[in-house]
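Reader: I have a structure open here and would like to talk it through with you. Could we begin with the aromatic side chains and then change topic?

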Amino acid sequence: MKLWLFGLYGIVSSTAVAGIKAIQKGLSEETGLVSQLPHFKEIEKYSPLSFEEFGGHEIRSLDKNLYTELEKHWEKNRHFDYKILKALKDDLSKIKAKKGTALNCGEGVLQELSPIETLENDGLHLAEIVEKLEKDITDFADENSVAINVASTEPLIPYDEQVHGSLKGFEKAIEEDRKDKISASMIYAYVSLKNRIPYGNFTPSTGSSIPALKELAEKNSVPHCGNDGKTGETLVKTTLAPMFAYRNLKVLGWMGYNILGDLDGKVLAHKSNRESKVRSKDKVIEKTLGYSPYTITEINFFPSLEDNKTAFDFIHYEGFLGTKMKFYFIWDAVDATVAAPLIIDIARFLNFAKKKGVKGVVKELSFFFKSPMDTQNYNTHSQFETLVKWFKGLNP
Ligand SMILES: NC(=O)c1ccc[n+]([C@@H]2O[C@H](COP(=O)([O-])OP(=O)(O)OC[C@H]3O[C@@H](n4cnc5c(N)ncnc54)[C@H](O)[C@@H]3O)[C@@H](O)[C@H]2O)c1
């Protein structure tokens, strides 16, 4: 299996690739991989854990390679054993990104990742940008390939029915160079789905979630899923909120306050880039409980933490006889460490889905996402049951 990552040099992407390589070389255990649970043992036949090749698009450090970039992340975070990093040096040094696009990626990306090198900065028409990105991915991919968006979070582009509502409108906008209406994540999803490459959106950016691209996926019989990996505070929220619901306890208010550093934190420090992430994190409470308690969801940049994201949650709830009580938790994890195995899982399940003839949005993969497409199921417990049932159903 081959894996193409948009945002190849980020900490999540580079840690995922290092993780796969480390497991393949027997340097690490498989802990954290959902696809290695006994429930999914048949996946090995369709999407083995052995990945052969990695590639991707980037907008910075294009003269560097995956090893140099992971080493920089490692120096700040020391998020795994240094012996593993050293043992992978030769393999990771061979992996190099192709030049991508930062179209409508917002001031967070433009300012914090500067200097950036992008196709639109080369003065290309939108159709030429699409053509170049498509060539990179088709030169790389085969029947066993999956693409995942792990690039920085973009601002939300207002929905425009003319452009986003149908494939015809979307392709017309490309021909007309409508750079104001189309973002990088949409183009990445478009070139993947157009070439029958399953696409996963690990970010809150729009990606394949517009009707135009859902239509393309159906037309080309290719599976896709997203949005925004559910890895930390939101995973706990959507696991814990059902407990209040099951016990008929009334949640009155839920405050989640997140602090993080690193590149992701820097980009999210910009209001427009942060908005999509806050929305994605905030709405899960209402979706899980079925009503809307008072919520506060904050994300703030805290430089010295680097990738060690900390979330403080406070829940105010009402029990028997109207008594008001409180629950607090602190989530303190290395963001890339909890996210990286999910990239591997999503890629394997998408490849499995394609082989089983599944097309369009795979809502059964909602277990992996904060804002799952085309489903109202946000409850982690029932999402897991749905995933197991779906998988078993395809392996009678
Ligand atoms: N636990 C987690 O870490 C977690 C959970 C859910 C979602 N995410 C999302 O995953 C994404 C990656 O997170 P990260 O911590 O690796 O961030 P990061 O900043 O380390 O990596 C992002 C990478 O994307 C690159 N990039 C930015 N815009 C690009 C574009 N248009 N095309 C190609 N490359 C581009 C950047 O240069 C950078 O290397 C973010 O959107 C984040 O919100 C992360």
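Reader: How many aromatic pairs does the structure hold?

Author: This is a predicted model, and the structure holds 20 aromatic pairs. In one of them, the ring centres of F40 and F384 are 6.2 Å apart and the planes stand at 85 degrees, which is over the 60 degrees required, so the pair counts as edge-to-face.

Reader: What about Y46 and F352, how are their rings arranged?

Author: The rings of Y46 and F352 have centres 5.4 Å apart and planes at 80 degrees, so this pair is edge-to-face. Y46 sits in helix α2 and F352 in helix α15 (residues 335–355), so the pair ties together parts that are 306 residues apart in sequence. F352 is buried, at a relative accessible area of 0%.

Reader: Staying with rings for a moment, what lies over the face of F140?

Author: K2 lies over that face, at 5.3 Å from the ring centre of F140.

Reader: Changing topic to the sheet, what is the order of its strands?

Author: The sheet is open, with 4 strands in the order β8-β7-β9-β10 and mixed pairing. Its edge strands are β8 (294–301) and β10 (324–334), each of which pairs on one side only. From one strand to the next, the twist averages 10 degrees.

Reader: How many bridges join β7 to β9, and which way do the two run?

Author: Strand β7 (residues 250–260) is joined to strand β9 (residues 308–318) by 9 bridges, and the two run antiparallel.

Reader: Which strands does helix α12 touch?

Author: Helix α12 (residues 233–246) packs on the sheet and touches β7, β8, β9 and β10, with its direction at about 170 degrees to that of β7.

Reader: And where does α14 lie?

Author: Helix α14 (residues 271–289) lies across β7, β8 and β9, and runs at about 150 degrees to β8.

Key:
Residues are numbered from 1 along each chain as its sequence is written. This is a predicted model: local features need pLDDT of at least 70, side-chain atom pairs count only at pLDDT 80 or more; totals for chains, interfaces and linings use all residues. Side-chain values use heavy atoms; hydrogens and water are left out. Two strands pair if DSSP finds at least two bridges between them. Axes are lines fitted to C-alpha atoms, for helices over the stretch in contact, and angles run from 0 to 180 degrees between N-to-C directions. Contact means heavy atoms within 4.5 Å. Rings of Phe, Tyr and Trp (its six-membered ring) pair if their centres lie within 6.5 Å; planes under 30 degrees apart count as stacked, over 60 as edge-to-face and the rest as tilted. Buried means under 20% relative accessible area, exposed over 50%, partly exposed in between (1.4 Å probe, protein chains only). A charge sits over a ring if NZ of Lys or CZ of Arg is within 6 Å of the ring centre and within 35 degrees of the ring normal.
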